[in-house]
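Hi everyone, thanks for coming. Please have a look at the sequence and the structure on the screen, and then we'll walk through a few parts of it together.

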Amino acid sequence: MAYGLRQKQVREYRGQIPSPGRPTVAWREDRVRFWASIATGVLTDEASEAARVSAPVGYRWFRHAGGVNPQLSTTVSGRYLSFVEREDIALLRAQGLGVRAIGRQLGRDASTISRELRRNASTRTYALDYRASIAQWHAERCARRPKVAKLVVNRPLRDYVQQRLYGGVRDTVGAVIGPDGPAWKGRNKPHRGDRAWVTAWSPEQIANRLPVDFPDDESMRISHEAIYQALYVEARGALQRELVACLRTGRALRVPRARSRQKAWAHVTPEVLISERPAEADDRAVPGHGEGDLVIGLQRSAIGTPVERTTRFTMLVHLPREEGWGVIPRTKNGPALAGYGAVTMADALTKTVIRLPEQLRRSLTWDRGKELSAHAQFTVRTGLPVYFADPHSPWQRGTNENTNGLLRQYFPKGTDLSRWSAEDIAAVAAALNSRPRKTLGWKTPAEALDDHLRSLQDTGVASTD
């Protein structure tokens, strides 16, 4: 009777507590597996699969944590019940065993089992049925003990940090100047466009400046990592998430270190490295070896810029946007509508170089951009082998880099290149090929190429006699 009365009192007490919502879909072990996979550099989809949760759940975990690993321990202390033990409790309870019998089988004190059945029952208003999954959810929710962030309790320190991050740029009379910048949408760093002018001290600068400005106030101290976490981790709540736009990168989410070291260069295999390029291309004595890249404009517009190494002859590639660009929403792994997707780029480049004589299609050295990831199909169509320069080595395509610099006179940075037609860029290429070049003995690239073609023709005629 006393036990029944106690249960009634527990039900009445628990019924006054509002429900915290729907139980979680994954446990601590799942989150540990998820962040362990993220630490290896894999994408969020793959980490979600490794953790055996859906991709939306994995993306939600990553976004709420700001991309910062919460460093969950793989195991909990033995003084706390585990999920396996809670499953055993639920099974033994369903068999009608009492708390002492359950405690003996699990090696736990009877009071531990009794308290578990009262605290973590699966309902709040009716019979106290015990279910392992609901009990684990209650236990994890009650076990949260988040440490209050220093920036939350120390207002002067928080104001100092925010002022150094977000303080506006002012003119001589003290008025804030500069553009407003894009509206905060919680997405990653913005594309090319206006950004608000702010003081934009880095967290490292702020952390190391505090001892200079407050040498005698030990409360005005914080590490740069604490500032980063206050910006990126949603649960911290010390600084507004919008302030990440004041960082120089403007990233809304932190990039895991292992993921940032990975490069999307899967299309660059050992046989297409620049070290495999024929040696005759190095001294420029034999024409027919080219270099190429893109010049990029606003709103993902671009123009291809292949150039021949010996004669400096330039052939610009028109890359119009595909049908549906700006109308069809951008979708993950969807079609590349900007004009320089792999298939579109290979087709446009094929139409450009196929007009060259076969003797001038010896090799093409390209930057490591993914726009030419369909290089194998391109080589089959044109007979022109493609090689890729080493990472961060623009001097290996020095002719192309110089040509791109000349082209910026006609196609400045920050302009929309898609407005120019194929005839327009052909006219620019003709103008560039008509300029006398010092390296060619003041001949133009067009004249140098014409001389070479004439020599090929003469050699062919002589060989037939």
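Of the contacts in the protein chain with a separation of 6 or more, 62% are between residues 24 or more positions apart. Please keep in mind that this is a predicted model. The protein chain holds 18 helices and seven strands. It has 465 residues, and 39% of them are buried.

Let's begin with helix 8, which runs over residues 132-142. How many of its eleven residues are buried? Eight of them are, so this helix is mostly covered. The buried ones are Ala-132, Ile-134, Ala-135, Gln-136, Trp-137, His-138, Ala-139 and Glu-140. And what do they pack against? Their partners are helix 2 (28-39), helix 5 (83-94) and helix 7 (110-119).

Let's take one of those partners, helix 5, and see how it meets helix 8. The two axes come within 9 Å and cross at roughly 135°. With that angle, helix 5 is oblique to helix 8. As for handedness, helix 5 passes helix 8 in a right-handed crossing. On the helix 5 side, the contact is made by Phe-83, Arg-86, Glu-87 and Ala-90, and on the helix 8 side by Ala-132, Ser-133, Ala-135, Gln-136 and Ala-139.

The meeting residues are Arg-86, Ile-89 and Arg-93 in helix 5, and Ile-113, Glu-116 and Leu-117 in helix 7. Notice Arg-86: this residue of helix 5 takes part here, and it is also in the contact with helix 8.

Ile-89 leads us to another residue, Gln-105. Gln-105 lies in helix 6, residues 99-106. Along the sequence, Gln-105 and Ile-89 are 16 residues apart, and their C-alpha atoms are 9.5 Å apart in space. Is Gln-105 buried or exposed? Its relative accessibility is 54%, so it counts as exposed. Setting aside neighbours within four places in sequence, Gln-105 is in contact with Leu-92 and Leu-97.

For a contrast, let's go to Ser-48, in helix 3 (residues 44-51). Ser-48 has 0% relative accessibility, so it counts as buried. What does it touch? Without counting residues up to four places away in sequence, Ser-48 touches Phe-34, Val-53, Ser-54, Ala-55 and Gly-58.

Here is another pair of helices, further along the chain. Helix 11 covers residues 203-213, helix 12 covers residues 224-232, and their axes come within 8 Å, crossing at roughly 135°. That angle makes helix 11 oblique to helix 12. Helix 11 passes helix 12 in a right-handed crossing. Pro-203, Glu-204, Ile-206 and Ala-207 of helix 11 make the contact with His-224, Ile-227 and Tyr-228 of helix 12.

Next, let's visit a loop. Arg-277 sits in the loop between helix 13 (257-260) and strand 1 (289-292). Would you guess buried or exposed for this arginine? Arg-277 counts as buried, because its relative accessibility is 10% and buried means under 20%. Leaving out neighbours within four places in sequence, its contacts are Asp-282, Arg-309, Ser-363, Thr-365 and Tyr-387. With Thr-365 there is also a polar contact between the side chains, at 2.8 Å.

The last stop is helix 15, residues 375-382. Which residues of this helix are buried? They are His-375, Phe-378 and Thr-382. Viewed down the helix axis, these buried residues fall within an arc of 55°, so they line one face of helix 15. What covers them includes helix 14 (342-353), strand 6 (363-366) and strand 7 (386-388). Just after the helix, Gly-383 takes a positive phi of about 75°.

Note on methods
Residues numbered from 1 in each chain as written. Predicted model: local features only at pLDDT ≥ 70, side-chain atom pairs only at ≥ 80, totals over all residues. Heavy atoms only, no water. Buried < 20%, exposed > 50% of the residue type's maximum accessible area, 1.4 Å probe, protein only. Helix = DSSP H or I, 4+ residues; strand = E, 2+ residues; numbered from the N terminus. Arc of directions from axis to C-beta. Contact = heavy atoms within 4.5 Å. Polar contact = N/O pair within 3.5 Å; in protein donor to acceptor, adjacent residues only side chain to side chain. Axes fitted to C-alpha atoms, helices over the stretch in contact; angles between N-to-C directions. Parallel < 35°, antiparallel > 145°, perpendicular 65-115°, else oblique. Left-handed = near helix turned anticlockwise from the far one by under 90°.
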